[in-house]
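Work through the following exercises with the sequence and the model open side by side. Each task is followed by a solution in steps.

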Amino acid sequence: MNPETEFREGLDELAVHYREIIRLLGEDINREGLEKTPMRVAKAMQILTRGYYQDPHQVLRDALFEEKYNQMVIVKDIDFFSLCEHHIIPFYGKAHVAYIPNGYITGLSKIARVVDIFSHRLQVQERLTQQIKDCIQETLKPLGVMVVIEAKHMCMQMRGVEKQNAITTTSDFSGAFNQAKTREEFMNLLRGESKKI
């Protein structure tokens, strides 16, 4: 399914609700610039929440390879966009994911796809961090997983405290990453303190 061209059931009903929301906000829904807006918003919301209809575990299983490598694998600076479930306003940033294989590896792009799937749901950053970690741990059964997410929240930038430069960092880890030395190695690699390529 291409989320940009194929839409889910309920699209027309969503558009009806958005039409009413725009009217309640005080706008003239029949104004030229707004005539097609309810359907545009309905389509956009289905795209932004497509993660509810995708299986991140299956994404990892589809690219599972037996491999004896047992050192840290890191995919960092994974851009993501999500919607805060409290205000349905975007938050966005970068996810950094590491795992230590235990007999199996997965395609590197699949790690980014897991981030993409969970971020395309109504979210809070804390849960997003945990869901990514849990999915990789449950599916690959590695020696350990660690996820760090750094994000800006537009609900803090556009409303409320209106702080433009605040960054929220969350982390979660399992297995070998319970050891401070392993976490420190990951964080050093994120900061670029390892040997440059």
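**Exercise 1. The whole chain**

What percentage of the contacts in the protein with a separation of 6 or more is accounted for by residues 24 or more positions apart? Then describe the secondary structure and the extent of the protein.

Solution. The model is a predicted one.
- Step 1: Residues 24 or more positions apart account for 70% of the contacts with a separation of 6 or more.
- Step 2: Seven helices and seven strands make up the secondary structure.
- Step 3: Along the sequence their order is α-α-α-β-β-β-β-α-β-α-β-α-β-α.
- Step 4: Taken along the principal axes, the C-alpha atoms fill a box of roughly 60 × 40 × 30 Å.
- Step 5: Of the 197 residues, 41% count as buried.

**Exercise 2. Helix 1 against helix 2**

Find the angle at which helix 1 and helix 2 pack, and classify their arrangement.

Solution. 
- Step 1: Helix 1 covers residues 11-24 and helix 2 covers residues 37-48.
- Step 2: Their axes lie 8 Å apart, and the packing angle is about 125°.
- Step 3: Because of this angle, helix 1 is oblique to helix 2.
- Step 4: The crossing of helix 1 with helix 2 is right-handed.
- Step 5: From helix 1, the contact uses Leu 11, Asp 12, Leu 14, Ala 15, Tyr 18, Arg 19 and Ile 22. Helix 2 supplies Thr 37, Pro 38, Met 39, Val 41, Ala 42, Lys 43, Met 45 and Gln 46.
- Step 6: Sorted by class, the contact of helix 1 with helix 2 has ten nonpolar, two polar and three charged residues.

**Exercise 3. Helix 4 against helix 5**

Repeat the analysis for helix 4 and helix 5.

Solution. 
- Step 1: The axes of helix 4 (residues 108-119) and helix 5 (residues 125-140) come within 10 Å.
- Step 2: They cross at roughly 135°, so helix 4 and helix 5 are oblique to each other.
- Step 3: The crossing of helix 4 and helix 5 is right-handed.
- Step 4: Helix 4 contributes Ile 111, Val 114, Val 115, Phe 118 and Ser 119 to the contact, and helix 5 contributes Leu 128, Gln 131, Ile 132, Cys 135 and Ile 136.
- Step 5: By class, this contact has eight nonpolar, two polar and no charged residues.

**Exercise 4. The surroundings of Ser 82**

Is Ser 82 buried or exposed? Which residues does Ser 82 touch, not counting residues up to four places away in sequence?

Solution. 
- Step 1: Ser 82 belongs to strand 2, residues 73-84.
- Step 2: Its relative accessibility is 4%, so Ser 82 counts as buried.
- Step 3: Leaving out residues up to four places away in sequence, Ser 82 touches Ile 89, Pro 90, Phe 91, Ser 119, Arg 121 and Gln 123.
- Step 4: The side chain of Ser 82 reaches the backbone oxygen of Ser 119 at 2.7 Å.

**Exercise 5. Gln 58 and Glu 184**

Locate Gln 58 and Glu 184, and state the accessibility of Gln 58 and of Glu 184.

Solution. 
- Step 1: Gln 58 is in helix 3, residues 56-61.
- Step 2: Gln 58 has 32% relative accessibility and therefore counts as partly exposed.
- Step 3: A polar contact of 2.7 Å joins the side chains of Gln 58 and Asp 62.
- Step 4: Lys 110 is 52 residues from Gln 58 along the chain, and their C-alpha atoms are separated by 9.9 Å.
- Step 5: Glu 184 is in helix 7, residues 180-190.
- Step 6: With a relative accessible area of 49%, Glu 184 is partly exposed; the limit for exposed is over 50%.

Note on methods. Residues numbered from 1 in each chain as written. Predicted model: local features only at pLDDT ≥ 70, side-chain atom pairs only at ≥ 80, totals over all residues. Heavy atoms only, no water. Axes fitted to C-alpha atoms, helices over the stretch in contact; angles between N-to-C directions. Helix = DSSP H or I, 4+ residues; strand = E, 2+ residues; numbered from the N terminus. Parallel < 35°, antiparallel > 145°, perpendicular 65-115°, else oblique. Left-handed = near helix turned anticlockwise from the far one by under 90°. Contact = heavy atoms within 4.5 Å. Nonpolar A, V, L, I, M, F, W, Y, C, P; charged D, E, K, R; others polar. Buried < 20%, exposed > 50% of the residue type's maximum accessible area, 1.4 Å probe, protein only. Polar contact = N/O pair within 3.5 Å; in protein donor to acceptor, adjacent residues only side chain to side chain.
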